[in-house]
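Biologist: Before we discuss any single feature, I would like each label to be set against its definition. Could you take me through them in that way?

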Amino acid sequence: MAMSAGGGGGGISSDINVTPMIDVLLVLLIIFMIIQPLNRQTIPIQVPPPQNTAQASGPSNQIVLEIKDDGTYAVNGQEVPKDQLDAQFHSIYDARPVKLLFVKPGPNRIYQDVIDAMDIARGAGVLVIGFTPADVAAAGS
């Protein structure tokens, strides 16, 4: 039997029952804790090990996409406009059995430019995208 210790003759009580609200909040907290790890997305990348430049000999058959600081793109040193990257990648990779691309972004390029170039490469059939290590000579200057 519930009793009230206040004055008045059995009027309406306006107390909020917070127990159901706390139960709902705890259920929502548990749901969000379970869902949070499922929202993470990863981009698989491979970084080549640092090599001595003296060991490199002969012509390389690797394709390197440079994203320069001034906003231009170059594939193996040859400048390519951004709207022609897709056609350039298709002409290079359609005949190749190994679809590997190395990306060398400039130090002042924004992340979105790199992701856009990687999306264009993926659309052209590139399966593996790697990043070139920073130049040791440029870093030491």
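Modeller: Taking contact to mean heavy atoms within 4.5 Å, 67% of the contacts in the protein chain between residues at least 6 apart in sequence join residues at least 24 apart. This is a predicted model, in which local features need pLDDT of at least 70 and side-chain atom pairs count only at pLDDT 80 or more, while totals for chains, interfaces and linings use all residues. Residues are numbered from 1 along each chain as its sequence is written, and side-chain values use heavy atoms, with hydrogens and water left out.

Biologist: How many helices and strands are there in the protein chain?

Modeller: Helices (H or I, at least four residues) and strands (E, at least two) are DSSP runs, numbered from the N terminus, and the protein chain has 4 helices and 5 strands. Their order from the N terminus on is α-β-β-β-α-β-α-β-α.

Biologist: Why is the contact of Lys-68 and Glu-79 called a salt bridge?

Modeller: The term requires a side-chain nitrogen of Lys or Arg within 4 Å of a carboxyl oxygen of Asp or Glu, and for the side chains of Lys-68 and Glu-79 the N to O distance is 3.8 Å, so the pair qualifies.

Biologist: What makes Glu-79 count as exposed?

Modeller: With a 1.4 Å probe and protein chains only, buried means under 20% relative accessible area, exposed over 50%, and partly exposed in between. Glu-79 has 52% relative accessibility and therefore counts as exposed, whereas Lys-68, at 26%, counts as partly exposed.

Biologist: Which other pairs meet in a salt bridge, and what are their N to O distances?

Modeller: By this rule the count comes to 3 salt bridges. The side chains of Lys-82 and Asp-116 meet at 3.6 Å; this pair links distant parts of the chain, with Lys-82 in the loop between β3 and α2 (85–93) and Asp-116 in helix α3 (residues 111–123), 34 residues apart. The side chains of Arg-109 and Asp-113 meet at 2.1 Å; Arg-109 is partly exposed at 24%, while Asp-113, at 12%, counts as buried.

Biologist: Why is the pair of Phe-89 and Tyr-93 called tilted?

Modeller: Rings of Phe, Tyr and Trp (its six-membered ring) pair if their centres lie within 6.5 Å, and planes under 30 degrees apart count as stacked, over 60 as edge-to-face and the rest as tilted. A search of the whole structure finds 1 aromatic pair: the rings of Phe-89 and Tyr-93 have their centres 6.2 Å apart and their planes at 50 degrees, so the pair is tilted. Both residues lie in helix α2, 4 residues apart, about one turn of the helix, and both are buried.

Biologist: Which residues have the most contacts inside the largest nonpolar core?

Modeller: A nonpolar core is a set of buried Ala, Val, Leu, Ile, Met, Phe, Trp, Tyr and Cys residues joined through side-chain atoms within 4.5 Å. The largest one has 21 residues, and those with the most contacts inside it are Leu-65, Val-75, Phe-89, Leu-101 and Val-103. At least two residues of this core come from each of β1, β2, α2, β4 (100–105), α3 and β5 (128–131), and the largest share, 5 residues, comes from α3.
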